[in-house]
Amino acid sequence: MSETLDLHKFEDLSPFEIKDELIKLAQKESRASTLPYLNAGRGNPNWIATKAREVFFFLGQFAITEAQRDRNEPQVGLAGMPQGPGSYHRLMAYCANAESTNPAAATLASVVDFAIQKFDFNADDFVLELTDSIIGDHYPMPDRCLVHNEQIVHEYLMWAMCAGHRPDAKFDIYAVEGGTAAMCYIFKALKNQRLLNAGDTIALGTPIFTPYLEMPELEDYSLNVVHVSSEEEDHFQLTDEDLEALADPKVKALFLVNPGNPSSVAISPDVLKRLVSFVKTRRPDLIILTDDVYGTFVPNFESVMAHLPENTIGVYSYSKYFGCTGWRLGTILVAEDNIFDKMIAEAPAETKAVVEARYKTLTPDPSTLKFIDRIVADSRDVALNHTAGLSLPQQVMMTLFSLVEMMDEDKAYQALCMSILEHRFTELVEGMGIEVPDNPLYDRYYGIIDFEFWLRKYVGEEVVDWIKENVHPLDISFKLAQDHGIVLLNGSGFDAPNWSARVSFANLDDDAYRKIGRAVRAVATGYVQSYRASKGLPIHG
């Protein structure tokens with residue numbers, strides 16, 4: 001394809017836009033040959049968590065009966081609203097009556113009792129939150145997160161993000177429409193609070209999820225960016241030299257995805273220790289955003305948030321672990337004791353006056369409005385703050401996913417998810433014919449196939465130099481699509497090495513990955529053969 005298509009016109013496109021062209025080419029090749037069409041470009045998992053979903057739909061049926069108790073006009077399909085008094089006992093009776101025919105009944109009863117006992121909930125109040133919310137007959141109140149849901153999600157996230165090191169801190173949680181919304185809301189709020197201004201500098205831990213590269217460049221933010229890169233040669237870990245780049249006070253913030261996307265490697269305990277020491281001794285004012293959506297695929301994962309809660313805005317999405325990208329379930333976390341509130345309070349008087357005027361319609365004293373609540377207000381452009389918040393049925397789903405996972409003391413679901421990814425990774429590596437050392441910090445959700453790294457290791461520097469001089473970086477992804485019917489995203493779009501591609505181990509059947517590995521090997525072999533031909537050497541030497 002590099003002989004007939006000008007790849008330069010794609011250089012400024014996001015890999016998620018380039019993928020549309022790759023899909024067309026791969027599907028065309030698949031139709032014209034016996035090759036299967038294999039799209040390993042997106043991270044949507046091809047499994048789902050079933051228990052919480054079964055409970056959700058069963059709970060919905062009970063909630064309808066609760067609404068009909070208040071008022072019932074079956075001829076026209078109109079009912080009242082669920083009521084609290086006695087709702088727990090009615091739920092237990094409903095579950096007991098259905099246990100013999102619906103396994104979700106027993107699960108719902110045990111989930112509700114587990115939550116009541118663990119969090120010391122009033123039984124009727126908790127059941128009312130579930131029934132009224134799944135019906136969706138009210139605006140979210142409180143707007144940030146429902147009362148019971150916030151406590152449950154907080155405890156779940158202390159495992160998902162902080163299993164290896166639980167912080168001595170309490171976090172306020174804003175339930176949002178997935179990690180996507182979290183990113184948008186945080187960027188907007190940091191700008192509106194004048195914590196990040198046009199012309200300011202932020203650091204990105206690269207390679208990184210593409211939108212983190214693209215959003216700072218938008219006219220909305222106009223931020224300067226320095227890249228602190230974690231290379232494969234360093235096991236995708238930040239070095240002391242990388243940390244030193246953060247010493248410049250012009251660097252206002254550090255944005256991380258941990259474990260990485262596309263590297264899928266978590267920050268090591270040693271690097272975390274050095275980062276914590278660095279921030280506490282040299283940059284206590286450093287704003288940190290950590291996006292930890294893949295932390296559940298690393299046993300005993302430790303978030304930066306766990307070690308530096310005062311400095312950190314946490315982002316987590318339920319999408320990948322529970323196979324629920326369509327549900328749009330995410331969270332923003334900010335510690336109750338944080339530098340953001342302090343920085344807002346200590347801003348120059350002129351800045352404070354401008355910022356506080358933004359929220360004068362919400363409270364008589366805007367200076368008391370916490371940063372997390374400003375994020376909520378800004379997410380609805382302040383004027384629509386009264387309708388802010390994640391939809392209530394979504395919050396019920398979040399509650400149920402969290403509770404079912406907490407009840408899984410043996411972490412059988414987590415173990416199975418990780419084993420699926422590990423098997424697919426092994427299939428790909430064996431198809432490529434390479435050896436990859438084991439790394440307990442690698443979650444195997446994605447992989448960077450770095451042609452430069454592996455060709456240097458197996459065939460030498462001269463071949464690598466020739467490829468860099470004669471092959472367009474996008475040629476790898478386009479060759480895989482046109483010649484093999486395979487879609488992998490270009491690594492350069494994540495600020496990974498130019499001659500690399502990202503593969504997702506989450507979204508295809510197991511047997512696809514050995515085929516992908518063989519195709520990658522075939523493309524690499526083709527480059528080596530072209531190099532040898534250019535030097536007058538035997539192609540198969």
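Biologist: Why does Lys19 count as buried?

Modeller: Its relative accessibility is 12%, and buried means under 20% relative accessible area, with exposed over 50% and partly exposed in between (1.4 Å probe, protein chains only). So Lys19 counts as buried. Bear in mind that this is a predicted model, where local features need pLDDT of at least 70, side-chain atom pairs count only at pLDDT 80 or more, and totals for chains, interfaces and linings use all residues. Residues are numbered from 1 along each chain as its sequence is written, and side-chain values use heavy atoms, with hydrogens and water left out.

Biologist: What is Lys19 in contact with, leaving aside its neighbours within four places in sequence?

Modeller: Arg42 and Leu489; contact means heavy atoms within 4.5 Å.

Biologist: Good! Now the helices: why is α2 called oblique to α15?

Modeller: The axes of α2 (residues 51-70) and α15 (residues 392-407) cross at roughly 135° and come within 9 Å. Angles under 35 degrees count as roughly parallel, over 145 as roughly antiparallel, 65 to 115 as roughly perpendicular and the rest as oblique. That makes α2 oblique to α15.

Biologist: Which residues of α2 meet α15?

Modeller: Among them are Phe56 and Leu59, and on the α15 side the partners include Leu400 and Phe401.

Biologist: What makes strand β4 mostly covered?

Modeller: Six of its six residues, 171-176, are buried. Phe171, Ile173 and Ala175 point one way, while Asp172, Tyr174 and Val176 point the other way.

Biologist: In which sense do β4 and β10 pair?

Modeller: In the antiparallel sense, over six bridges; two strands pair if DSSP finds at least two bridges between them.

Note on methods. Axes fitted to C-alpha atoms, helices over the stretch in contact; angles between N-to-C directions. Helix = DSSP H or I, 4+ residues; strand = E, 2+ residues; numbered from the N terminus.
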